[in-house]
Amino acid sequence: MQPQLSSGSSGKASHSKINKTSLSRDLRFVWERSKKFLTPLVAIALALGIGAVLMYLNGYSPLRAYSTLWWGAFGNLRNISEVLVKATPLMFTGLAMAVAFRASIWNMGAEGQFFVGAIATTWVGIHLGYLPPWILIPLEMAAGIMAGALAGMLAGYLKVRFNANEVVTTIMINYLIIIGTNYLVTGPMKEVTQDSFPQSALISANAFLPRIVPTTRLNIGFLIAIVLSIIMYLLIFKTSFGYALRATGINPEAARFARMDTKKIALLVMALSGGLAGLGGSIEIAGLAHRLFSNVSPGYGWDGIAVSLLVNNNPLGVMFSGILFGALRSGSEIMQINAGIPSVLNSAIQGIVILSVIAFGAYRFISNKKEGKE
Amino acid sequence: MLLSMEKINKIFPGNVVATNNVSLEVRQGEIHCLLGENGAGKTVLMNILYGMYQPDSGQIYYKGQPISIHSPKDSIENRIGMVHQHFMLVETLTVAENIILGQWKPWKNLKEMEKVHERIKNLGEEYGLFVNPNALIRELSVGEQQRVEILKALYRGTDLLILDEPTSVLTPQETVQLLNLLRGLADKGLTIIFITHKFEEVFQVSDRVTVLRDGQLVGTTDTAQTTFGELAKWMVGREVFMDLDRSKSNSKEVVLSVRGLQATDERGLLAVKDVSFDVHANEIVGIAGVSGNGQTELALGLAGLIEIKYDRLELCGQELKKITAKNLDRIGFGHIPEDRQGMGLILPFSVAENFILGEYNSEPYSHYGFLQNRQIINHAQLLVNKFSVRVSNVKEEITNLSGGNQQKVVVARELNRNPNFLLVNQPTRGIDIGATEFVYQQILKQRDAGSAVLLISTDLEEVFKLSDRVLVMFEGQIIGEVPPDREQIFKVGLMMAGKQVEEELA
Amino acid sequence: MEDIQWIVGLQGILVATIRLATPLIFSGIGLVIAEQAGVVNIGLEGIMLLGAFTGWTIGFYSGSLILGLAAVIIVGLISGLIFALFTVTIRANQIVVGVAFNMLGIGLSGFLYRTLFGREIGLLKLESFQSIEIPFLSNLPFIGKILFQQNILVYSSFVFCLLAIYVLYHTAAGLAIRSVGEHPRAADTMGINVFLVRYLCVLMSGVGAALGGAFLSIAYTNIFVENIVSGRGYITLAIVAFGRWKPVGTLIGALIFGLFYAIQLNLQSLRGIVIPYHVFQALPYFMTILALLSMRGRAIRPKALGKPYEPSA
């Protein structure tokens with residue numbers, strides 16, 4: 001029996017197919033180029049759409065709601081600056097998440113790390129308030145960073161030493177820190193006055209961050225966030241540490257093979273992530289709140305997760321998604337006041353944003369697969 | 001004709017053509033070998049038949065009827081069974097539980113297991129496949145696990161049994177047993193498709209043979225009417241046996257010296273028990289053995305990736321208390337790992353980025369902690385050319401490369417450091433013959449340049465082809481040493497099964 | 001006299017222990033089933049909140065707790081379905097999806113509650129489930145009151161646990177579930193529909209979590225407040241790890257946590273104590289971390305846990 005050599009007929013068939021679909025290939029090329037930017041936009045649009053349906057079903061007018069939201073966010077200069085004020089802590093927690101998620105470390109503790117940063121800064125701002133600003137401001141920020149980094153490293157240590165799942169430990173540590181904050185503002189750090197507001201005393205004016213525009217609340221914390229976004233981008237994508245961080249996140253086996261100390265990297269990443277969130281808390285106190293109280297963060301740590309995931313954990317993207325979510329938060333507060341729509345809807349919209357990003361990514365995944373089959 | 005697969009096409013994402021218009025005809029009661037190199041499309045074709053993959057086009061006729069198979073469930077209903085190369089057994093369940101898995105109605109109570117045990121014992125007696133039905137899979141040896149796989153198919157009733165490279169995990173003796181068993185099954189009317197890349201097995205067991213190459217059908221013939229040479233030509237399109245050009249090793253300088261090494265596996269069981277050996281400069285020491293006898297742990301241990309204990313370990317004349325990344329870096333260590341994709345590469349990274357894995361933190365690729373893009377790209381370009389890696393752009397993600405090219409990247413990277421000690425584990429698993437040949441040449445070149453090479457492989461041919469000395473590993477121990485003389489292969493086989501025959505070999 | 005007081009006090013704590021363990025048993029057993037099939041449902045917290053909200057709201061409007069429960073089960077099924085869609089079919093990262101679910105749970109329950117009930121937050125009450133005394137058994141000394149004078153949901157949670165044990169370890173379905181969590185491809189080659197098994201198991205965890213949440217708003221208390229679940233979803237994750245992915249271990253873990261809660265409440269209500277109540281508040285969270293640390297060895301967790309199954313194309 002002779003070998004039955006088969007012809008290359010199928011190759012020809014696929015050639016003609018390629019010609020037929022050349023137009024769609026061009027479109028696809030444009031699409032490939034732009035999808036990086038389109039994904040988050042479509043995800044946001046989808047989430048706002050679902051939010052609109054929710055509002056409609058509950059008897060609100062989505063049109064009015066969103067126009068209020070838009071006006072509340074961008075209606076005038078003051079509102080715009082308020083968006084940036086809200087965006088500042090979100091950028092910090094978003095960066096904290098981006099660093100951790102790139103290393104596949106699921107730090108859910110930004111909320112707690114934000115709080116300890118705030119506590120440390122408040123303490124420094126009150127007790128060392130006699131120091132001149134040029135010493136005090138760096139010092140209080142360092143304290144915030146240190147506190148956040150330590151809180152992060154605690155969970156990191158439990159992970160590398162006891163193999164304790166960081167998702168659970170960081171969330172538990174959040175609860176402990178928040179309970180601790182409540183204790184501090186009702187007890188040891190409580191302001192000594194007649195009224196019984198659970199809050200600390202004001203920090204020294206020397207500890208206040210300078211405002212960018214004097215008539216608004218926008219302070220240099222926002223600029224620090226912008227600079228840090230760029231630094232974090234360089235760190236993750238342009239340095240050898242970032243290389244190791246990403247390698248560990250993608251394939252820890254291969255990272256160990258490449259003689260990277262994955263445990264040390266995990267600890268460092270948790271410290272870095274915690275430090276960023278802590279700095280966020282620090283700047284919230286020094287730039288805005290000027291004193292500690294128990295909802296100094298209305299969930300900024302959690303928002304950071306969505307901020308980061310929306311832009312595929314890219315620190316440069318965090319600048320934009322931070323502002324976007326800042327607008328959502330700021331706008332939704334105005335929406336609550338003016339249109340009576342509970343601002344807690346914001347949280348649901350964030351959840352939907354994350355799911356839309358995934359669903360959209362999945363759509364791409366499936367369409368890529370089909371492409372492969374052609 | 002029991003089975004006829006017609007013009008089966010399967011293209012994977014990324015335009016990888018797995019099978020191109022392949023047709024296959026299998027007669028009732030025959031043993032039909034499917035012969036081809038790694039990546040020729042044998043396994044894909046059989047996975048299509050078993051319902052693991054869906055073909056893009058083509059038709060399957062079975063028992064005279066056109067059938068469509070969408071999942072293994074359909075093939076099981078058609079009484080088709082398959083023993084996969086990587087066993088499909090749930091380690092935490094017992095033999096009997098694995099055998100009835102998916103076969104019972106969901107709400108059936110497991111009390112009725114007693115009857116299953118009885119039937120397994122009967123089947124075992126009938127076919128000479130003895131296993132304790134109550135044993136957990138993870139307690140069984142590889143050979144026993146394979147018996148369970150075959151029992152799984154026999155238990156639920158099978159007319160067509162597919163075996164994917166079943167001998168790759170067996171010693172030569174166990175192989176003979178298996179082939180006898182298959183012959184017996186065929187005599188009782190079972191039809192068998194036997195995937196292999198070994199010519200000897202084709203002649204030992206099959207009635208007919210079909211050869212695939214690069215996803216295409218080369219031909220089908222009666223085994224009795226073909227010759228070794230003809231099949232070899234069909235399989236690779238040219239003469240196969242590359243004779244490697246090599247000089248005799250004569251170095252006395254010991255590079256690696258290990259005494260009393262012990263290592264545990266993932267489950268904490270002692271996998272390497274008291275191993276001692278030396279590797280000299282300008283020498284390749286091969287470690288032969290059936291997989292799962294401690295080779296993986298030995299390799300990981302020497303690479304400092306798992307904790308090990310030893311009495312004494314010297315590397316390049318230095319006694320090491322502990323193997324650390326720093327030590328290895330200083331001494332000059334290269335490692336071609338067993339699991340290329342899982343360990344040797346970071347798939348979403350670019351080719352260029354993968355070339356600096358392990359050196360990402362040293363000059364000139366990193367300067368004051370900043371990655372030097374130009375240097376990295378140039379370095380990649382250089383190695384791509386030097387090792388003829390087929391890639392259009394070094395910035396491309398390495399996922400897009402074929403298995404052989406990925407392995408070339410690993411080999412290029414590890415050898416480029418010119419290591420004093422080179423650890424090589426399963427260097428050619430799953431890559432085509434061209435790349436295999438290339439890898440062999442590179443390893444030999446490195447040896448000739450003076451490196452000490454420790455080669456671990458379950459492929460006896462490979463070990464014999466490359467090594468200056470062969471050590472045989474069994475159940476975590478080195479049970480003998482032989483010269484790489486082809487006549488010794490059968491004896492090595494005995495040793496791989498645990499028979500101490502050192503005296504005879506002298 | 002003092003002796004009797006002491007015994008009554010202990011009995012009270014144990015009665016509360018069982019009650020406080022119930023939501024954790026529901027969510028925990030559900031999670032055990034999902035994790036045995038290889039899916040980590042980190043979205044429990046959100047699903048529990050939705051369950052608590054739904055049970056309370058439907059119960060409040062219809063006046064029928066049974067109707068409320070039916071709605072809770074439906075919400076659990078829908079949540080499970082969506083979670084499975086994302087984690088099993090789309091094969092997204094299970095942690096990310098879980099986080100999104102929790103945000104969604106907090107946002108939706110809060111938004112809807114405020115929309116429906118406006119300012120009367122936490123003031124509206126409904127008639128919650130009453131205790132059912134089991135004839136004869138409830139008259140047993142000491143333990144009668146602890147075990148046999150509880151409400152229907154408490155009994156159901158134990159039945160849920162027994163059912164899980166039966167299915168997982170005594171039926172062919174259990175074999176299928178465990179094989180899917182351990183080696184999904186092997187299960188696939190044996191004709192088991194890996195996706196279907198995972199979907200069903202995730203649905204079970206959805207129902208378990210929703211019921212656990214509902215217990216808080218319509219059986220343990222009779223009000224809904226925002227964030228009523230307060231971390232129990234996350235605590236469940238720790239309990240299941242502590243219970244070594246087995247129903248019995250999880251049951252024990254849930255009871256231990258019930259005891260912590262009960263002791264904490266008891267101590268908080270003691271007068272004249274100098275320790276700030278925050279310490280007691282912190283106890284369950286602290287204990288969760290300790291429970292995780294006491295967990296060693298990965299060998300026993302299902303091997304495919306958290307890994308999406310990629311079927312062959």
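1. At the start of helix H4 of chain A, a side-chain oxygen of Asn76(A) comes to within 3.1 Å of the backbone nitrogen of Arg78(A). This is a predicted model, in which local features need pLDDT of at least 70, side-chain atom pairs count only at pLDDT 80 or more, and totals for chains, interfaces and linings use all residues. Residues are numbered from 1 along each chain as its sequence is written, chains are lettered from A in the order in which they are written, and side-chain values use heavy atoms, with hydrogens and water left out.

2. Helix H4 of chain A covers residues 77-102 and reaches 35 Å from its first C-alpha to its last, close to the 38 Å expected at 1.5 Å a residue, the expected span being 1.5 Å times one less than the number of residues. Helices here are DSSP runs (H or I, at least four residues), numbered from the N terminus.

3. H4(A) bends by about 30° at Ala87(A), with Pro89(A) following within four residues; the bend is the angle between axes fitted to the seven residues ending at a residue and the seven starting there. After the helix comes Ser104(A), whose phi is positive, near 55°.

4. Because 22 of its 26 residues are buried, H4(A) is largely enclosed by the rest of the structure (buried means under 20% relative accessible area, exposed over 50%, partly exposed in between, with a 1.4 Å probe and protein chains only). Leu77(A), however, lies in this helix and is exposed, at a relative accessible area of 66%.

5. In chain B, 12 of the 14 residues of H14(B) are buried, among them Gly404(B) and Leu415(B). Just after H14(B), Asn418(B) has a positive phi of about 50°.

Conventions. Helices (H or I, at least four residues) and strands (E, at least two) are DSSP runs, numbered from the N terminus. A polar contact is a pair of N or O atoms within 3.5 Å; within protein, one must be able to donate a hydrogen and the other to accept it, and residues adjacent in sequence count only if both atoms are side-chain atoms.
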